[in-house]
Amino acid sequence: MKYYLLNNGNKIPALGFGTYTITDEPTLRKVLLQCANSNYELIDTAYVYGNEHIIGKILKKENLLDTFQIATKIWPAEFGREETKRAVERSLKLLKRDYIDIMYLHWPGDDMEKSWKVLENYYEQGIFKNIGVSNFYENHIDKILTTANIVPQINQVEIHPMLQKTQLLKYLKSKNIQPMAWSPLAKADLELFENKTIAALANKYKKSVAQIILSWHISRNTAIIPRTTKEKRVAENIDIFNFNLSTEDLREIEKLDIGKHTSQSPVDEKWLKSIRYEDFI
């Protein structure tokens, strides 16, 4: 496993496991056990994923509470000092932990500066080992930093070969904020998975298309949290640290950037304000 050193001196694994939309308990148990067997060290969730309580239950029952770093998130509907504190205490209870390894603000939103102050307070108490933001672009982070005492350790955003966010990565590097890609495989979008460049590289290295894409992320020093419900894919996704793409390979993949989101964009403020919290819980 490769690790990234954060701006507070802590380390996170370069690759973790994403749990978005996995709410079926038997399925989640199978993939979490496979994560343990495959030496994953980070599990990523959020309250709005509807599975914090299932993850906590499984990890406790299987005696795996200390096996993984756990990351979770605060949804914008719960921004504000008291609202965020309640959300934090709920996540601690559901995950059956007395600390959380990474706590994020899930999306930009009203009162995010107040919520960041709450995260800073829990961090200073040692209840959060690391604090970060998710789906924040440069302007959102700049706004946080106007009142922040602590620079985020991590920014988790949608990144993949069709949405490379090169300028954002340069910005994050200038702020010493570790990038992490969610949807690093672009939800297996056929435009990417059937791309001739990626297919040729898979053939060259005798790896799967997914492994080529994940290796590309690592070559850019971006952490990743691929998600799957297949045990075979869990094992395959972490088997990417025994080869490296060449400089020429990376240049070819650079050409695939078309700015394509496979999910919502942080610049879509209309969507952020229109979504209903109850749709996610």
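Before the first stop, a word on contact: it means heavy atoms within 4.5 Å. This is a predicted model, where local features need pLDDT of at least 70 and side-chain atom pairs count only at pLDDT 80 or more, while totals for chains, interfaces and linings use all residues. Residues are numbered from 1 along each chain as its sequence is written, and side-chain values use heavy atoms, with hydrogens and water left out.

**Stop 1: two crossing helices**

Select residues 112–125 (helix 4) and 138–145 (helix 5). Helices here are DSSP runs of H or I, at least four residues, and strands are runs of E, at least two, numbered from the N terminus. The two axes come within 9 Å and cross at roughly 65°; axes are lines fitted to C-alpha atoms, for helices over the stretch in contact, and angles run from 0 to 180 degrees between N-to-C directions. The crossing is right-handed, that is, the near helix is turned clockwise from the far one by less than a right angle.

Now show side chains: Met112, Glu113 and Trp116 of helix 4 meet His140, Lys143 and Ile144 of helix 5. By class, that contact has three nonpolar, one polar and two charged residues (Ala, Val, Leu, Ile, Met, Phe, Trp, Tyr, Cys and Pro count as nonpolar, Asp, Glu, Lys and Arg as charged, and the others, Gly among them, as polar).

**Stop 2: a salt bridge**

Next, pick aspartate 44 and lysine 73, whose closest N and O atoms are 2.7 Å apart. They form a salt bridge (a side-chain nitrogen of Lys or Arg within 4 Å of a carboxyl oxygen of Asp or Glu). The pair ties strand 4 (42–44) to strand 5 (69–74), with the partners 29 residues apart. The structure holds 17 salt bridges.

**Stop 3: the largest pocket**

Select Tyr20, Trp182, Ser183, Lys187 and Arg227, the residues nearest the centre of the largest pocket among its 33 lining residues. A pocket is an open set of points on a 1 Å grid over the protein atoms alone, where a 1.4 Å probe fits, with protein on both sides within 12 Å along at least five of seven lines; lining residues have an atom within 4 Å of a point. Helix 10 (231–237) gives the largest share of the lining, three residues. The lining divides into 16 nonpolar, 12 polar and five charged residues.

**Stop 4: the second largest pocket**

Finish with Leu169, Lys173, Ser219, Arg220 and Asn221, which lie nearest the centre of the second largest pocket. Helix 6 gives the most to this lining, five residues.
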